[in-house]
Number of protein chains: 2
Amino acid sequence: MSYGLQEVIQEVLRRIKPNVEERNHMDNVLSKVVSKLQEEFKNIEPEADVLIEGSVAKDTWLSGETDADVFVRFPVKWKKDDMGRTLIDCVKRVFGSENCRLRFAEHPYVTVRIEGINVDIVPCYRVNRGEYRSATDRTVFHTEFVREKLSQEMRDEARLLKKFFKGIGVYGAEIKTRGFSGFLVELLVYSLGGFKETLEKLSSFKPPLILDPGDLYKGREEELYRRARDSLICVIDPVDELRNVAAAVSGESLSIAQYASYLMLKKPSVKFFYPTHKASKEEIRGIVRSRGLNMFAITIPAWTDIPDILWGQAYRLLSRISIFLEENEFRVLMDKVWSDEEKNVVLLFILEEVEKRAAVLHMGPPYFSSNVPIFIETYLNNERTLVQPFPRNGRWWTILKPKAKDVSEVISKAFSSKEFLKGFSENVLKAISESKMYCGEDVVEAVDNTGYLSFLEKCIHPFSWMLRED
Amino acid sequence: MSYGLQEVIQEVLRRIKPNVEERNHMDNVLSKVVSKLQEEFKNIEPEADVLIEGSVAKDTWLSGETDADVFVRFPVKWKKDDMGRTLIDCVKRVFGSENCRLRFAEHPYVTVRIEGINVDIVPCYRVNRGEYRSATDRTVFHTEFVREKLSQEMRDEARLLKKFFKGIGVYGAEIKTRGFSGFLVELLVYSLGGFKETLEKLSSFKPPLILDPGDLYKGREEELYRRARDSLICVIDPVDELRNVAAAVSGESLSIAQYASYLMLKKPSVKFFYPTHKASKEEIRGIVRSRGLNMFAITIPAWTDIPDILWGQAYRLLSRISIFLEENEFRVLMDKVWSDEEKNVVLLFILEEVEKRAAVLHMGPPYFSSNVPIFIETYLNNERTLVQPFPRNGRWWTILKPKAKDVSEVISKAFSSKEFLKGFSENVLKAISESKMYCGEDVVEAVDNTGYLSFLEKCIHPFSWMLRED
């Protein structure tokens, strides 16, 4: 059955707009948090405000979302360290430290779980627009901008786009996803005119896309284009002309968003908003086996509980391993990271082969380069040489024995090389020393987690759900 | 033991300069041929000259060489076809058709074997310098140029360079070698000042090398540089300003000449002039087996007795097969042709693998290309798809099942494809239909010929003899 875009939008909106009960519950919880904190702060710092922020304050949150933000805004006389510590102590006192979880972005904050809602309680400074002292100081101005500029309908359009990006896997600016933040979604909808208009813009997108929703560069368009020249997408923060709200969006996320937008417009469907990946362990094992896929997984115990640090280091490790594999003549066809952000990190690779059996072509200098003699002498009687240097198509070449027999050998070599491990913290090194490797269909055993199985399925069938018939 | 360059040159000259007996024998044979032909032509065409040409006439031939050239120069009133036919008939009558072998370059000629000497008897026209009607008309002017300009010492230097190029495998302008012709050798020695000077020039060579031994472009140097701009090496024919005597020299031959010149100057040795390749069949079989080299040979019965045509078509077939193998995801590390020019042609390949077992990475369009949807839809449910399209490092990719299981399958596919065989003559097609394939160490069985074994050894150890200690 095929639906029109309007029908799909209506159906999704029906599902994602919080209903009255949900709204009331959220309001009650947050009012309670705010009043308790206000009460406590009377004694600590009477000038501090306690504010509801984020998608609840902007009324762009989705039904079922259980995350909310409360900001405590301090006068600028407070030192950053004292502000964080004072807030944390206060929250623990008020809500009981057993309900608190310490988090860390630029400075520390606390998550409190109350009646099914996870409230992030975050410190910031009271400053004038543009005079920001910490990354969170902008947030209150962002909230103000959205509240002032976005109509009720526009907020629903933002909900749609947010859910769409979540569905296709590109929602969130953190390192894990390198996709679209909530505020970016709101700005796109505001600048481009709505959900459908954003999809249209994305589906025909050629970089760079430059938007200035706050009109901060009015009359200075040339300066804006110069500034945005090297970006794929540049959306100027309406409260900070030097900040690109879309800076974190990777080309990969943007390309996925483009293709999904194209498909959604071509054949609208609710499935884009509700993707399904649900093969069983045995099914995935069967797929890997029957396709003869050379998959390879390295499991490493999580070495920190701060997600952005974990993902950042995991991606760095992934890319370093991929380079090392390529240097050791193993061709990497795909490399991905998965983590539950608590116990395990899995680095997953698909390789052309996991075991080398034959010869490797090694490129030398072009004809008439002064390096030809050195190249020939190096490989003439080298112990790896299978075929001595010879000229072909403008260059010299040699054929060598592969550097390593199989991929586990390469990984072991990497993990015992000081050079390779340079720059990783003690925590990461310790975790690496406890790593395990899984090869072929056994990658399904790397961790026991349904999220991991979905991740594996998504590696092999990244977008099949998008094209599946309803 | 290490020799100085002068010692090596003396030793080689001692071996390559024809001695008095050899000269006398050559002179006797050629005088006999000339006088018999002159006698015969008195009746056919009294205006025809019979001339000794080539390296014997120029006194640049090597001891042991048994090839010589005699030209019959016709007045221009003769038609090309008549001239050839008349000459052939005449030679057969004079020397007996059982001693004649028909050859073919631009027009037909005849080889006669007399007292151990193979005399090529070639027709040409008597024309003024520059007014050439056939490719061979220039030859008498070339002979004149060398006789006039090169001293006795220079002719010895030319002998050295010719022997050196023979030794390192780059002597001969024919398609088989794409190297240095005898006349080019003489011009290099004349222009650069000698054997050593030519080695020095070659060893530090950066293209293009431009020489004008006849000073034909004196005062028009800019025109010369413009003309030679796209050549690696341009040596203007002193009897034809539009002809580059070095046009046939391939980059490969030139690069080999460069490296060998460098080595020879660094550590002079007679071995450059007398290369040795002499492994036995069992030794080569052992090398291929122990190194795990994925060698693959196709034997095809020789389809013509005209060497240049045979080599030209064999190279065309070789390159078409290499492209076809790459299209079918088999990486070609080396491809070479061998032929005895009589019975067999062997196309030899070294491949990364002869049998595919796993997956193949297939490149799609870059992010934001309008071809992304087509690419994704093509490979989403393709029967070859192992991993559905995914974005990585700026492009879309997919992982596919290999097109063919092993290399024999690919070759069979090629040889039964009309598209692949298009443009080859009936002779070649018939020969291809009788081809045979040999894999791995069995390539040593492809033909029973010691020249073929040397060729195989040279494929694996192309220049080891150059660097072997004396």
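Let me begin with a network of salt bridges that links A:Lys281, A:Glu282, A:Arg285, A:Arg289, A:Glu441, A:Asp442, A:Glu445 and A:Asp448, where a salt bridge is a side-chain nitrogen of Lys or Arg within 4 Å of a carboxyl oxygen of Asp or Glu. This is a predicted model, in which local features need pLDDT of at least 70 and side-chain atom pairs count only at pLDDT 80 or more, while totals for chains, interfaces and linings use all residues. Residues are numbered from 1 along each chain as its sequence is written, chains are lettered from A and ligands numbered from 1 in the order in which they are written, and side-chain values use heavy atoms, with hydrogens and water left out.

Over all chains, a search of the whole structure finds 76 salt bridges. In chain B, B:Arg285 pairs with B:Glu445, the closest N and O atoms being 2.8 Å apart. B:Arg285 lies in helix α11 and B:Glu445 in the loop between β15 and α17 of chain B, so the pair ties together parts that are 160 residues apart in sequence; helices (H or I, at least four residues) and strands (E, at least two) are here DSSP runs, numbered from the N terminus. B:Arg285 counts as buried at 13% relative accessibility, whereas B:Glu445 is partly exposed at 34%, given that buried means under 20% relative accessible area, exposed over 50% and partly exposed in between (1.4 Å probe, protein chains only).

Turning to the interface, 59 residues of chain A are in contact (heavy atoms within 4.5 Å) with 59 residues of chain B. The area buried between the two chains, that is, the accessible area (1.4 Å probe) that two parts lose on being put together, summed over both, is about 5,000 Å², with carbon and sulfur atoms giving 61% of it. On the chain A side, A:Leu333, A:Arg357 and A:Phe368 lose the most area to chain B, together 16% of what that side buries.

Four salt bridges are found across this interface. In one of them, A:Glu377 meets B:Lys266, with the closest N and O atoms 3.6 Å apart. The side chains of B:Asp335 and A:Arg392 also form a salt bridge, at 3.0 Å from N to O, and this pair crosses from strand β10 of chain B to strand β13 of chain A; B:Asp335 and A:Arg392 are both buried.

What does B:Gln388 touch, not counting residues up to four places away in sequence? Its partners include A:Ile460, A:His461, A:Pro462, A:Phe463 and A:Ser464, as well as B:Trp397 and B:Thr398. B:Gln388 is placed in strand β13 of chain B and is buried, with a relative accessible area of 4%.
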